[in-house]
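Let's take a walk through this structure together, one piece at a time. Keep the 3D view open and follow along.

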Amino acid sequence: MSQRNQQSTQPELDGMTHWLIHHAARRAPESLSSRLEEEWLADLGSRPSPLSRLRLAVGCCWAAMVIVSEYQRSRVPAASPVAAARGYITLADRHFDYLSLRSGTLFLIIGLHAALFCGLITTLSHAHELAAPPNLQNHVLAPVPTT
Amino acid sequence: MGKKDTNVRMSLQTLRILEIFLENPTVQLAGADVHQRCGIASGTLYPILLRLESAGWFVSQWESIDPSSEGRPRRRLYRLTSAGLRRASEVFASFNRGVPA
């Protein structure tokens, strides 16, 4: 039964994989678009399972975004004359933009986690209030008559 | 990309890719081969290959096969240039020497 399901979902997964790669290549700079599409589709053939092909396609979408952002900057900035002279830039020399793609994604993930956490806390505290038994609630006692 | 910039950002993944090509400097590898050897995800791998190519460390060309007879599409193959080989060797030599304080 599960094997039949797997066989039926495989064409759908492969269709989605191809669509993602076409989409990623279209997002890439025009001069690289057709080359990247052909290259990625060729590399897709070396992946054995549909899931690993899907992973490759999702990675290609990310790669296209990185390539576009680097293409727009048009050149890798040389952070210092020393770095430029030696021909490579180490991690310490890296120039970090105000909000790079990676930082933006990081902030987005942190924001989503914070929103999820706040939502959970609010829901749980509300549920806790409702679930409080009546014997734990405050009552005003009638004054005790004194003789 | 306008004027060719030979500077390359040296991340750990870039070093890993260079290491694979330095094992056999004449080898031609497709992105899929590099992924199989070092396990770097495609989202990181392809931008690095393009970066190294645009910096002149790598050249790439289409595989010279007939796709209809092979039954598969041609792949894009990358190899180190002589300048890339020299630069990559310098990078690894500088790491072996250690970074001066």
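Start at S46(A), which sits in the loop between α2 and α3 of chain A. Is this residue buried, partly exposed or exposed? S46(A) has a relative accessibility of 30%, so it counts as partly exposed. The side chain of S46(A) reaches the backbone oxygen of D43(A) at 2.7 Å. If you skip the neighbours within four places in sequence, S46(A) is in contact with A32(B) and Q36(B).

One thing to keep in mind as you look around: this is a predicted model.

**Chain A as a whole**

What is chain A built from? Its secondary structure comes to 5 helices and 1 strand. Read from the N terminus on, the elements go α-α-α-α-β-α. Chain A has 147 residues, and 28% of them count as buried. Its accessible surface comes to about 10700 Å², with 65% of that belonging to carbon and sulfur atoms. Now take the contacts in chain A between residues at least 6 apart in sequence: 54% of these join residues at least 24 apart.

Among the elements of chain A, helix α2 (residues 30–44) has the highest mean pLDDT, at 93, while strand β1 (residues 88–90) has the lowest, at 48. There are also stretches where the pLDDT stays under 50. One of them covers residues 75–84 of chain A, where the model has 18 contacts beyond four places in sequence. Another covers residues 89–96 of chain A, and there the model has 18 such contacts too.

**The sheet in chain B**

Over in chain B you can find an open sheet of 3 strands in the order β2-β4-β3, with antiparallel pairing.

Now zoom in on β4(B), which spans residues 76–80. This strand is mostly covered, as 4 of its 5 residues are buried.

| Strand of chain B | Bridges to β4(B) | Direction |
|---|---|---|
| β2 (residues 29–30) | 2 bridges | antiparallel |
| β3 (residues 58–62) | 5 bridges | antiparallel |

You can check some of this pairing residue by residue. L29(B) has Y78(B) as its bridge partner in β4(B). W62(B), for its part, stands opposite R76(B) in β4(B).

Follow chain B to I65(B), which is placed in the loop between β3 and α4 (67–70). I65(B) and R75(B) are 10 residues apart in sequence, and their C-alpha atoms are 9.0 Å apart in space. Which residues does I65(B) touch, leaving aside its neighbours within four places in sequence? I65(B) is in contact with E70(B), R72(B), P73(B) and R74(B).

**A threonine in helix α1**

Next, look for T14(B) in helix α1 (residues 12–23) of chain B. Is T14(B) buried or exposed? Its relative accessible area is 1%, and since buried means under 20%, T14(B) counts as buried. The side chain of T14(B) makes a polar contact with the side chain of S11(B), at 2.7 Å. A polar atom of the T14(B) side chain also lies 3.5 Å from the backbone oxygen of R9(B). Beyond four places in sequence, T14(B) is in contact with V8(B), R9(B), I48(B) and L52(B).

**The nonpolar core**

Last stop: the largest nonpolar core, which has 42 residues. Which of its members touch the most other members? They are W40(A), I17(B), F21(B), W57(B) and F58(B). The largest share of this core comes from helix α3 (residues 50–73) of chain A, with 8 residues.

Notes. Residues numbered from 1 in each chain as written. Chains lettered and ligands numbered in written order. Predicted model: local features only at pLDDT ≥ 70, side-chain atom pairs only at ≥ 80, totals over all residues. Heavy atoms only, no water. Buried < 20%, exposed > 50% of the residue type's maximum accessible area, 1.4 Å probe, protein only. Pairing = 2+ DSSP bridges. Core = buried A, V, L, I, M, F, W, Y, C linked by side-chain atoms within 4.5 Å. Contact = heavy atoms within 4.5 Å. Areas by Shrake-Rupley, 256 points an atom, 1.4 Å probe, with all protein chains shown as cover. Polar contact = N/O pair within 3.5 Å; in protein donor to acceptor, adjacent residues only side chain to side chain. pLDDT = per-residue confidence, 0-100.
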